[in-house]
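Dear colleague,

I am passing on the structure we spoke about, and my notes on it follow directly below.

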Amino acid sequence: MARTTKKATDIVKVTQRAAETLKAIHTVNATDPKHVLRIDIEGEGYGLWLGPEQKGDTVICSAETVLLRATPDLAKLFRKTSMVIDFMDHEDGPRLVVYPEDDPPPELSKPKKVHRTTKKSSKR
C-alpha cells in the first residue's frame, strides 16, 4: 500500500548547509533502510529522530532530494508561516535551527565581521 506524502517545497526552505548536514545525519545514523529522518515539535523547539515514514507525512526536500518528513501537526504550523531550516555555528557547537523566514535569529541576521588588512606605507 502506497503512503500518501505531500511536499513542503513552498512552506519550508532548507539552506544548502542545512541540507548537507541533514544528509550526513541520516547517512551516519540510519541503521534500518526503511527509516527516514523526521522532524516534529518538541518542547519549545523542534526534535529530529529516525523512524519509519508515516501516513500524512509532509516531505521536505532540497533540490529534489528528500531530507526530512514533517508530521501533520508540524506541517500545519509551517503552512501558517514560511519557515527556514538552517545550520549555524553556536557557542555550544553547530546546530540546526528552524525559524520564520521573516524573523531570523539574531546570530544569523548580524552582519559578518570582515577583517581587512591595510597596507602600511613604508616611509624611510
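The accessible surface of the chain comes to about 9100 Å², and 50% of that area belongs to carbon and sulfur atoms; areas of this kind come from the Shrake-Rupley method with a 1.4 Å probe, and for residues only the protein chains shown count as cover. Please bear in mind that this is a predicted model, in which local features need pLDDT of at least 70 and side-chain atom pairs count only at pLDDT 80 or more, while totals for chains, interfaces and linings use all residues. Residues are numbered from 1 along each chain as its sequence is written, and side-chain values use heavy atoms, with hydrogens and water left out.

Of the 124 residues in the chain, 31% are buried, where buried means under 20% relative accessible area, exposed means over 50%, and partly exposed lies in between (1.4 Å probe, protein chains only). The secondary structure comes to three helices and eight strands, which follow the pattern β-β-α-β-β-β-β-α-β-β-α along the sequence; helices (H or I, at least four residues) and strands (E, at least two) are DSSP runs, numbered from the N terminus. Among contacts (heavy atoms within 4.5 Å) between residues at least 6 apart in sequence, 49% join residues at least 24 apart.

Three strands form an open sheet of mixed pairing in the order β2-β7-β8, two strands being paired if DSSP finds at least two bridges between them. Because β2 (12–14) and β8 (95–100) each have a single partner strand, they stand at the edges, and one side of each is left without a neighbour in the sheet. Neighbouring strands of this sheet are turned by 25° against each other on average, direction ignored. β2 pairs with β7 (residues 83–88) in the parallel sense over three bridges, and K13 stands opposite V84 in β7. Helix α1 (residues 16–29) packs on this sheet, where it touches β2, β7 and β8, and its direction makes about 75° with that of β7; axes here are lines fitted to C-alpha atoms, for helices over the stretch in contact, and angles run from 0 to 180 degrees between N-to-C directions.

Strand β5 (residues 58–62) is mostly covered, five of its five residues being buried. T58, I60 and S62 point one way from β5, whereas V59 and C61 point the other way. β5 pairs with β6 (residues 65–70) in the antiparallel sense over five bridges, and C61 stands opposite V66 in β6.

The structure holds one aromatic pair, formed by Y46 and F78, which is tilted, with 6.2 Å centre to centre and 45° between the planes. For this term, rings of Phe, Tyr and Trp (its six-membered ring) pair if their centres lie within 6.5 Å, and planes under 30 degrees apart count as stacked, over 60 as edge-to-face and the rest as tilted. The pair links distant parts of the chain, since Y46 lies in strand β4 (residues 45–52) and F78 in helix α2 (residues 72–80), 32 residues apart. Y46 is partly exposed at 31% relative accessibility, whereas F78 is buried at 1%.

In α2 the buried residues are L74, A75 and F78; they fall within an arc of 100° seen down the helix axis, so they line one face of the helix, the arc being that of the directions from the helix axis to the C-beta atoms. The face turned away from the buried side of α2 carries the exposed residues D73, K76 and K80.

With best regards
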